[in-house]
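These are my notebook entries on a structure that I looked through part by part. I wrote down each term with its cut-offs where I first needed it.

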Amino acid sequence: MSRLNDTNIKLAHEVIARYPRPKSALIPLLHLSQEQNGYITREAMQHLGELVGVTSAEVYGTASFYEMFKFEPVGKYLINICGTMSCALMGANELMHHAEKKLGVKAGGTTPDGVFTLAHAECQAACTEAPTLQVNYRYRLRVTPADLDRLIDNLRDGKLNDEFPPHGVLSKVRQSIDATRAVGAKAPEDVNESPAWLDGKAAL
Amino acid sequence: MTIVDPIKETAPVDPNIVNITINDKPVAARKGELIIAAADRTEDFIPRFCYHPRMTPVGMCRQCLVEVETPRGPMMVVSCMTPVAEGQIVRTATDSVKKAQEGVLELLLANHPLDCPVCDKGGECPLQDQAFSHGPGESRFVEEKRHYEKPIAISDIVYLDRERCILCDRCTRFADEVAGDALITFTSRGNDTQVLTFPDEPFSSYFSGNTVQICPVGALTAKPYRFKARPWDLEQTESTCTSCSVGCRTVVQSSRDELVRYQGVDIDPVNWGWLCDRGRYNFESVNSPDRLTTPLLKSGSELVATSWSVALESAARMIRLALAQNTNSVAILGGARGTNEDAFAWAMLADKLGINQRDAQLGDGLSPDIFDLAQATIDQTCAAPTIILLAPDLKEELPVLYLRVRDSAQKRKSRIVEFSSHDSGLTPYAWRTMGFEPGNQAQVVREALATPEMKEQLARGEVVVVVGRANLAESEVFTLQALAEIFAAVPSAKVLPVLRRGNVRGAVAAGLTPQNNSGDAIDILNAAAAGKIECLILLGVDPMSDVADSGLVQRALTQVKNLISIDTMINGSNRNADLVLPAASYGEKNGTTTNLEGRISNVTQKITPRGTSRPDWMIATELSIAMAVDIGVSSLEDLSEKLVSTVVAFAPSSDGKSTNGDGVLMARETPVTISGKASKAVDRNAYNYRLVVSRTMYDSAQSTASSPSLVGIVTDAVIFVNPLDLARIGVADGTSVRVGAEGTNIVIAIKAHNGVHRGVAWLPFNHTGVDIRPLLNIASDVVDVRIEPIK
Ligand code: SF4
Ligand code: SF4
Ligand code: FES
Ligand code: FES
């Protein structure tokens, strides 16, 4: 069962309502679905297609452009170790070897218990703090092998649950947009008046 | 004092003309036109891959680079995305343009496998041709090319070789924009961009063959043509598809006297270059090994091959014998699959013999009066602000007309007002859809058209009613009644009659329609079943599989003393005939055909008729001689001349050339008006479901069943009801139920379908699996069925 669950379906309709065209909601909904299942499943793509009125092929076409949407199960923690220039110079390769040994999987692999997925990453835009890694896209900077050991142990022991939610969760606090601030389900070309919250202060 | 410029005064400037120069030659372009389109009207060819005049430009391939003069000097632009502007100076062949075009081609070829020798496209490939004409001649790329699994089947018909794909977006754009079936799309965009379907959801579009035709490389190939021929071995002739009455313009291609491919030809008034897959691929049935090659005469209980002279003598004897009783004991059914000339020759023969009972329709069309109403063409329909659908599902029955109407709705030229008992292919594009239960459509139409909103819409301009027979389990009276309601609300409305059989309009006009108030096909079958018809002639029809009420046909065919069939194959109806004459098929004969809007265009011969088969008109002529009532025709030219001079409707085609290309519209008489016969369907018992039986694109029709590439697509019969009704019946989706009507029962799988009106049960006609026809009874106005779970 990897269609959206009932709570998320409700949320999905809310998200869809924020856009003038339902299919514009596709990316946020893909995130929602990845948050629910940890990755994007086929059934999920079919379900999202139904929700926003496009074919499953179109959902897949959109989703497969984005590196961060995964189509195979990923561990609870996705560890991306940067291997681009600055980090490489500062010992990223050694760090990767160390991680491989520590986790017992090669880069790209997932530990048998499904907790960790180890992956190469390109520059994570924190070159001054090389070598860098991300756990579920949250930074750890100037990482030494010892730091890495500690990090993995703590993650496994659940000590860092607060800092690192499971893979797929974008943020722990849900954004909420007041209905009066939503653009509303109207295509831009059909909108003549300025949105209510602008209160006539500025012209469109 | 005002100074009047004398030149300006005498020559008013066309506001839509934009003057540009292409390679120093002045070109009059139209406002908003793209440079590449304007250049296509000159001698200077701009190379291109992704641009297609019938689709939105996307600028994917960059092959069409040209230079345009700007205040800052010449600038390189893609000519398929840049509109013309007054005074624009375009150069298509300067050194830098050439360098750019060569560069793009080198890039495209970098990853191209160059397997031309084993590629179906080789010899007619835009990539090959343009690499030759606009390419660098040599590649500097020595690295390993990308590799993908060699062709993967993306549907029952289409194969995709991703190594050959140049990512032009033509197929994907077609699927989304033209066909509305976005089942293929670019995936993994970036380094690994590739066209793909969703896993396990094939590209099962009715129009998939068009992507193969427009793919500018050999990335998409079609099963029926793969490795069949090389382009330089092909012979071809332009013709018109007669698989349905849209009449798409085609090119018929053959190799070694076998049909191998049809391609769409772009004509403005009809198909815009597109074909549907049924029309495109059922050429296989012409090549079928089951084609009849000699006449067959009944001897004992078997059909035995015989000569034409014996066969014609026998036919003459059978008809003479029956005529000796009275002229009403002979009848002719069919004729809509042939040419206008075929139909006319048979009509002349029937006239000479005094046979009044003839009908090219099989009781599933509409009264020919429909052709006397004010008529609209396809173009007029698609330009009308309001299109009212009172018709079968166009996507299923008249596929390319569906493309045209959909296009018009998508581009917001027309609003579709649909009346139907179950959702059709056009429902998603309809402005309003009104469901009805068979029998009450007149009332639904009357009420719907009376609302203020609808009145406002109808007042916006022309209203065209697309009218046809949507339900085989319902009398035509109800459709005509509903049509009369529309005319009552909009007296100026025009109709586009959508009767599906290929040349039904031509056959009717040529005279294969009931004469002197004699009955129609159903009356003929009833008379036959009552033993009143001695000799029945089936002219290219298989009523056993094509008439809704198979019980009636069965009784009729057994009662008839002498059954003569003129057909290309043995089928359910002529299996027990007394005489079968082999007919030449599509592609094997010349003539003209008439499409649903009354457009006359030519069909042409490409291959020799199989065996000793002959065109229908020739059979009629020889039979007339054998019966000593010579219709005075010795060649097709004679016949066409007679046709255009005798039948006014065909007069516009008197110049043979007029039926080339776009063809020519039939002459029309002053339109008459219609008034519906008051008739009311019996009320439905609330426990029953009212039956809708309609046709789908792939059914067990002979031309599909004998085309190996299509036959596998036909699905088993299923009955559809609204999900709420399914819950009421109390069975799970997909289980078998008992469906009964008037003492007959069938057991069939049931499925929920959101698009079915409540209280209605929808059964697609002529599918494999369970035979649903026992439920149908042509004598009743509507059919109500009971649906019960099987205990
Ligand atoms: S398969 Fe053919 S039509 Fe489709 S994108 Fe590739 S080259 Fe273009
Ligand atoms: S729409 Fe009709 S005429 Fe056109 S290709 Fe299909 S079958 Fe032939
Ligand atoms: S190179 Fe590693 S963060 Fe930039
Ligand atoms: S034809 Fe213009 S970019 Fe492809």
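Entry one, the interface. I began with polar contacts, and across the interface of chain B and chain A the rule finds five residue pairs in polar contact, both residues being at pLDDT 80 or more. A polar contact is a pair of N or O atoms within 3.5 Å; within protein, one must be able to donate a hydrogen and the other to accept it, and residues adjacent in sequence count only if both atoms are side-chain atoms. I then looked up which element gives the largest share of the side of chain B that touches chain A, and found strand β8 (residues 184-187) of chain B, with four residues. Helices (H or I, at least four residues) and strands (E, at least two) are DSSP runs, numbered from the N terminus. By class, I noted six nonpolar, three polar and four charged residues on that side of chain B. In this scheme Ala, Val, Leu, Ile, Met, Phe, Trp, Tyr, Cys and Pro count as nonpolar, Asp, Glu, Lys and Arg as charged, and the others, Gly among them, as polar.

A note on the source: this is a predicted model, in which local features need pLDDT of at least 70 and side-chain atom pairs count only at pLDDT 80 or more, while totals for chains, interfaces and linings use all residues. Residues are numbered from 1 along each chain as its sequence is written, chains are lettered from A and ligands numbered from 1 in the order in which they are written, and side-chain values use heavy atoms, with hydrogens and water left out.

Entry two, contact and area. I found 13 residues of chain B in contact (heavy atoms within 4.5 Å) with eleven residues of chain A. The two chains bury about 1100 Å² between them, 59% of it on carbon and sulfur atoms, where buried area is the accessible area (1.4 Å probe) that two parts lose on being put together, summed over both. In chain B, the residues that lose the most area to chain A are A182(B), R189(B) and F198(B), together 44% of what that side buries.

Entry three, salt bridges. How many salt bridges are there between chain B and chain A? I found one, and D200(B) forms a salt bridge with R42(A), with the closest N and O atoms 2.8 Å apart. The term means a side-chain nitrogen of Lys or Arg within 4 Å of a carboxyl oxygen of Asp or Glu. Over all chains the structure holds 50 salt bridges, and I looked up one of them, between R261(B) and E124(B), at 2.9 Å from N to O. R261(B) lies in strand β13 (residues 258-264) of chain B and E124(B) in the loop between α3 (95-110) and α4 (126-134), so the pair ties together parts that are 137 residues apart in sequence.

I counted 13 residues around ligand 1 (a heavy atom within 4 Å), the closest being C165(B), C168(B), D169(B), C171(B) and C215(B). That shell has eleven nonpolar, no polar and two charged residues. The shell around ligand 2 divides into eight nonpolar, three polar and no charged residues, and C241(B), C244(B), C248(B) and C276(B) are among them.
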